[in-house]
Amino acid sequence: MNLLAVAWEYWHQSFFILFAACAIGFGFGVLLSKNVVRMAFYLVLSLGSTAGLFFLAGAEFVGAMQLMIYVGGTLVLLIFGVMLTAQKDFINMDTHTQDWILATIVGGSLLMVLLFAAFGAEDWSKPQDLTDAKIESTKEATPLGLALTGIRVDTLGDSGDAVKQGKSGYLMPFIIVSVHLLVVLIGAAYMARTKKLSRATDDKSSRAKLMLFKMEQETEQLEEETYVVTHRGQSALNRTDSQDE
Amino acid sequence: MILIGTVSVSWYLAVGASLFVLGAVCMATKRNLLGVLMGVELVLNGANMNFIAFGSKVLRPEGSLGLDGQLIALFVIVLAAAEAAVALAIALNFYNNHNTVDVDRANELNG
């Protein structure tokens, strides 16, 4: 109960610890799990926790976009890829031991360098007084959308040269990203289509043609036999008729 | 308990660095093509975390990037979606042609 009261007072820190532990822990789950389906699930949880950290840092719009585009779009795409390729040989794939050793050494040293840099600058590690931090609605969606069309309403106060010349908007990157997305989606649809002349389908179609040919031959034979049988029967009948007379 | 009262940009950078390193190691060690793609997603998220931390007005009242950090983070998210679509198309093409998703067997371009 006492712990809960402390956590209530320091809610920002508590949620930071929770989300950071989830993000890094499920990141380890992605790395250490051998089953590719479980890896996809851990990745969903890790990216969701990252979205929680974005909310905590005051970037609500980006956090919502992270949930919608990343978790709702990109990861669904990845999971479809997993389902389309999940044959029994490829669900569990072991990593070679020497790869693990090398990757741990390189990754550990890279992490040391990055942590040293992160905690090295005094300006960055200066703690903010977040006790009694309040939730404020920042109303960021409108400035973000206007910045994408080249208008920066959030920096109207400081009249630097960059703002005056209209250089601080993001209209050009926005257009480039739009065209890039269009090209990428057309290219992806073109590359992932099923080919009609691949070897497997060709084999199947030739086998089908062969079967059709055999069936046609058999029907011809059957027709011939029925013709012969009916003819003989008719001639036999005719013969009995003539004998009767 | 040590952390209480001391959340700063550095801690966000530490989380971002951890995600980055986890993704990079994942990219290096996984033999499944889709596992490599998941490593790429983790790396991009680690980088995004840095942009958000530097752009946050809560963590840095003075000298924060402001909206620029969030805008770059949005561009990163969109480009990651595009990258995932293309990489998945390549992966499916590779699977259709070679009947495997093992990256060690994608060595036809060896000189």
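The dialogue below takes up the fold of one chain and then a helix contact between two chains.

Tutor: Keep in mind throughout that this is a predicted model. Chain A has ten helices and zero strands, and from the N terminus on its elements run α-α-α-α-α-α-α-α-α-α.

Student: What makes up the domains of chain A, and how many Å separate the centres of domain 1 and domain 2?

Tutor: The domain assignment gives domain 1 as 2–131, domain 2 as 139–193 and domain 3 as 200–245. Taken over C-alpha atoms, the centres of domain 1 and domain 2 of chain A are 27 Å apart.

Student: Why is α3(A) called roughly parallel to α2(B)?

Tutor: The axes of helix α3 (residues 36–56) of chain A and helix α2 (residues 33–55) of chain B cross at roughly 5° and come within 11 Å. Angles under 35 degrees count as roughly parallel, so α3(A) is roughly parallel to α2(B).

Student: Which residues make that contact?

Tutor: On α3(A) they include A:Val36, A:Met39, A:Leu43 and A:Phe54, while those on α2(B) include B:Leu34, B:Met38, B:Glu41 and B:Ile52. By class, the contact of α3(A) with α2(B) has eleven nonpolar, three polar and one charged residues.

Student: How do you know what share of chain A counts as buried?

Tutor: A residue is buried if 20 or more other C-beta atoms lie within 10 Å of its own, and 19% of the 245 residues of chain A count as buried. As for contacts in chain A with a separation of 6 or more, residues 24 or more positions apart account for 49%.

Definitions and conventions
Residues are numbered from 1 along each chain as its sequence is written. Chains are lettered from A and ligands numbered from 1 in the order in which they are written. This is a predicted model: local features need pLDDT of at least 70, side-chain atom pairs count only at pLDDT 80 or more; totals for chains, interfaces and linings use all residues. Domain bounds come from an automatic or database domain assignment. Axes are lines fitted to C-alpha atoms, for helices over the stretch in contact, and angles run from 0 to 180 degrees between N-to-C directions. Helices (H or I, at least four residues) and strands (E, at least two) are DSSP runs, numbered from the N terminus. Angles under 35 degrees count as roughly parallel, over 145 as roughly antiparallel, 65 to 115 as roughly perpendicular and the rest as oblique. Two residues are in contact if their C-beta atoms, placed from the backbone, lie within 7 Å. Ala, Val, Leu, Ile, Met, Phe, Trp, Tyr, Cys and Pro count as nonpolar, Asp, Glu, Lys and Arg as charged, and the others, Gly among them, as polar. A residue is buried if 20 or more other C-beta atoms lie within 10 Å of its own, exposed if 12 or fewer, and partly exposed in between; C-beta atoms are placed from the backbone.
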